[in-house]
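The points take up each chain in turn, then the interface, and finally a single residue.

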Amino acid sequence: MIRSLPNTAAYTLGYRIYVALFFLFLVMPLIAISVLAFNDSNYIALPWNGFTLDWFFSATDEREGLFADSNLMESIVTSLTTALIVATMSMVIGTIAALLFEEEQFKFKGLLYFLALTPLVIPGVILGISILLSSTYAGNLIEKNFGIDIELFRPSYWLVIFGQFSFGATYVMLLVAARLKKFDRSLEEAALSLKATRIQAIWYVTIPFLRPAIIGAFIVAFLLSFSNINTTIFLVGSDPTLPIDLYSRIRFSSTPVLNAISFLIVLVITLFAVVNFFIKRKDTT
Amino acid sequence: MQQSIKPKKPFNVTLYLLIIPVLLWLVLLIVLPHLDLLISSFQIENDNGDKVFSLDNYIAFFKEEIYWLTFVKTAAYAIGVTALAFIVTFPIAFYLTKVISKKNAAFFILLLLIPLWVGELVTVYGWMVLLGDHGIINHFLMAIGLIDEPINMLYTDFSMILGLLYMSMLFMVVPVMSTLESLDDSLIEAASDLGASKWTIFRTIIIPYSMPGIVSGAIIVFMLVIGDYLAPNILGGKSSLWFTEQIYNKFLTTFNWNEGAAFGFLLLMLSSGIIWLVLKLSGQKLDRVGS
């Protein structure tokens, strides 16, 4: 059953077949889209007509490749900058929240902590419509009373950022708090007894200790933002993020350029995961 | 604990520096929006364009069969997919933590994480390419002569459930693996030495021990499935309506935001109600879910 116990051959074989099937199931969609990104055909389907890079580089009317498609390139840039800003904001506020809940005592701490955790269990769609409703309400109120129209309160680039940040900060908080729990408080107390202020102690002692978790949390927030659609779809304005752009293409006008961009995403994530894997292995050995 | 070491200051600057940004985040982006959701759900626009209190949005939900049927179906399917995710992934979590060596497992864990980080849209699109009438699976089955006509798989409940399972199941594996990792092998060895069958060991040791991980995983999976939009929308057929699609339609197609708010609030009540019940029954805390 486990490593140290003997098993019948049939049990071991059956188990291995199940695991193999599971991983086949897991990688099948990724392989399928990747392979079809190089198929010399105008349709996203087999048969295989030979290898081509048209869906990446071609710039003809019939086949507009990924790098020739300015709309697609724009949405990639939008997604990258959005994800960078969201990850930075989430990193800062999430770390502050982790410090607050782990190190400070105050009234209503339990309630506040509960609120900070709720984005884990609130469906993204609900976060999206709630923020859309309240920002529209605030925008109308300001326009009525002061006559100014603020773009932030309408579906726009910045509203997407705030929407994604609202749950990104929770994930950062949990990841940083997990490391903070392992922190030896006496280090901070030593700094305090050496006349450091509380802020200095946090900045020079606690934050450096937390750095790996903060960097990891930044990456998690970046990826959450980059692939988010449930919340974003309600808040997006005139500049779509990549998932929004891809979604509308899948619904209305599929061409193999979708496979090209999907392949690129799979490639980047895989490379990133592999590098991460080797760095971690080097650390442990 | 801090107070016992350093003298209590009358005014804790650090606390205020830390609490203000957190309060801004929680009040402006969590509390107020959800209050607004609740208030909007009880409002309709009268003939003068003013917002007035009304129960119409909720009455519409119960009057129209399609709405509450979709609601019930979404809930039932989400529970089903959660159970399925557990059944499909538990052997995998067990295999990676207890059967093979840590070194080999690292490679498989890497494979598990890639679809997770690639994002739902790309993987859902992948399934669309695989399952279509002219898709890869049908092409393959016809090429080897197993079938003559393509099997209709895409735009059915089958493809929708497959997509929902695929995008959510990895969130079950991760917490289950982390509880299984801390299970001492000698417990299983001892039971086995005393003549317990595999099924007995599984039922009386492994499952009870990994319960906290299963509960965490189930909550995350359930929440993701019930709030999912892409898999039902792209892979599901006309008959496989999902409740999030109703909300989407209210907001972005018919622009009836108040009714949409009521639907959103009902979905929020449903998901938090079931999660609360699961936490209550298992005696687990919410913050365990996130770790």
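This is a predicted model: local features need pLDDT of at least 70, side-chain atom pairs count only at pLDDT 80 or more; totals for chains, interfaces and linings use all residues.

1. Chain A exposes about 13700 Å², and carbon and sulfur atoms supply 68% of that area.

2. Buried residues make up 51% of the 285 residues of chain A, and 65% of the chain A contacts with a separation of 6 or more are between residues 24 or more positions apart.

3. As to overall dimensions, the radius of gyration of chain A is 24 Å, whereas a compact globule of 285 residues would have one near 19 Å. The C-alpha trace of chain A spans about 75 × 75 × 30 Å along its principal axes.

4. On charge, chain A carries 19 positive and 19 negative side chains, with the centres of the two sets lying 15 Å apart. Chain B has 16 positive and 21 negative charges, and their mean positions are 15 Å apart.

5. Chain B contains 14 helices and two strands. Its radius of gyration of 24 Å is well over the 19 Å that the globule rule gives for 291 residues, so chain B is more spread out than a compact globule. Along the principal axes, the C-alpha trace of chain B spans about 80 × 75 × 30 Å.

6. Of the 291 residues in chain B, 52% are buried, and residues 24 or more positions apart account for 67% of the chain B contacts with a separation of 6 or more.

7. In contact terms, 98 residues of chain B meet 97 residues of chain A. The area buried between the two chains is about 8800 Å², of which carbon and sulfur atoms give 79%. On the chain B side, B:W25, B:W117 and B:Y125 lose the most area to chain A, together 9% of what that side buries.

8. Finally, is A:S34 buried or exposed? A:S34 counts as buried because its relative accessibility is 13%, the cut-off for buried being under 20%. A:S34 lies in helix 1 of chain A, which covers residues 9–36, and, leaving aside neighbours within four places in sequence, A:S34 is in contact with A:F263 and A:V266.

Methods:
Residues are numbered from 1 along each chain as its sequence is written. Chains are lettered from A and ligands numbered from 1 in the order in which they are written. Side-chain values use heavy atoms; hydrogens and water are left out. Helices (H or I, at least four residues) and strands (E, at least two) are DSSP runs, numbered from the N terminus. The radius of gyration is taken over C-alpha atoms; the globule rule is 2.2 Å times the number of residues to the power 0.38. Buried means under 20% relative accessible area, exposed over 50%, partly exposed in between (1.4 Å probe, protein chains only). Contact means heavy atoms within 4.5 Å. Lys and Arg count as positive and Asp and Glu as negative; His and the chain ends are not counted. The place of a charge is taken as NZ of Lys, CZ of Arg, CG of Asp or CD of Glu. Buried area is the accessible area (1.4 Å probe) that two parts lose on being put together, summed over both. Accessible areas come from the Shrake-Rupley method with a 1.4 Å probe; for residues, only the protein chains shown count as cover.
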